[in-house]
Amino acid sequence: MKKDIIYLINPKSNEGNSVRLWEKLQRSYSFLPEQPVDLTQIQLKSYLLERSPEVVAIAGGDGSINAVCDAVSHLQKKPLLAIIPFGFGNAISYCLGVETVENAMDVLQKQPATVTIDLLHTNIPKHNIGVFNMSAGFDARVVFNRQQHKYIGFRSYILSAVQSLISHPEQEITMTIDKKVTLTARATSLVIANCPVIGQNYIVSQDAKFNDGLLDCTLFSSKYAYITNLRFRGFKHPLYSELGKVRFKASHIQIEGEPYVQVDGDPIVHKGPLEIEILPAQVTFLRNKDEAINQMYLPFVSEK
């Protein structure tokens, strides 16, 4: 292990259970500090600039990882990042092969391999960076409605999806791709992926890669097309097909006509044009050495 490691924790992660999870983990791994740094109580960028650690281990969920990546992306000397999956969705951890705390501890101690990933940059105030996923439309509305039911865990997504099926209208979405081609379509949702999975290993775009320098976009023509896109490890919706989906890649996209947006699971109502561009090779994560990451798809282009 590298000696200079900062351990950050978000006490609000996993519906407020992360502190309890840390205490349990620390009893099993004595090298962990009893009191990790509460990232909600510090100015993250200034703290990392002052400490200049070699490794930052993040005990939290996708939102915590987003905040750390945002801060690190502004540093000239960037530390390696490691994930300890304490969140609810933990999408990024699946792609790096650290979806369990046991795997995460093994990777943190051995540091067998790394991958440098792209980030998504937006024009949304206070949500300038995305790490693994953004969307506008029905998908974002589900995340937005879920905030009312977070206390019931995974079932909150089911309840929110039902509410959104009833309340969210299909409407005109205008997209300008790479500042050259403008398209207008009556559609339900535009999902922009930086890696194949979102949520608890929900495969949204199996060809998306963390480090290919591209936004991987899927336009869903209807709520039906979105719902039947559900694929989990070992499960594919029985009515799954490519009907009602338009897939394309871009380095920059502008979206108009849909105010409901989510960035790495954080819902936002954004008025005005939404701009998203890819920022190649921004932050470096420790990852499992297994190139396939125990998946049927490769979440990144192999680095040599």
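**Aromatic pairs and charges over rings**

Y260 is buried, as its relative accessibility is 19% (buried means under 20% relative accessible area, exposed over 50%, and partly exposed in between, with a 1.4 Å probe and protein chains only). The model is predicted, so local features need pLDDT of at least 70 and side-chain atom pairs count only at pLDDT 80 or more, while totals for chains, interfaces and linings use all residues. Residues are numbered from 1 along each chain as its sequence is written, and side-chain values use heavy atoms, with hydrogens and water left out.

Seven aromatic pairs are found in a search of the whole structure. Rings of Phe, Tyr and Trp (its six-membered ring) pair if their centres lie within 6.5 Å; planes under 30 degrees apart count as stacked, over 60 as edge-to-face and the rest as tilted. One of the pairs joins F144 and Y260, which is edge-to-face because the ring centres are 5.2 Å apart and the planes stand at 75°. This pair links distant parts of the chain, 116 residues apart: F144 belongs to helix α7 (residues 138-146) and Y260 to strand β18 (residues 260-263). Helices (H or I, at least four residues) and strands (E, at least two) are DSSP runs, numbered from the N terminus. F144 is partly exposed, at 31% relative accessibility.

F220 and Y226 also form an edge-to-face pair, with centres 5.2 Å apart and planes at 75°. F220 is buried at 0% relative accessible area, and Y226 is buried at 9%.

R141 lies over the face of Y260, 4.2 Å from the ring centre. The charged end of K245 sits over the ring of Y240, at 4.8 Å from its centre. A charge sits over a ring if NZ of Lys or CZ of Arg is within 6 Å of the ring centre and within 35 degrees of the ring normal.
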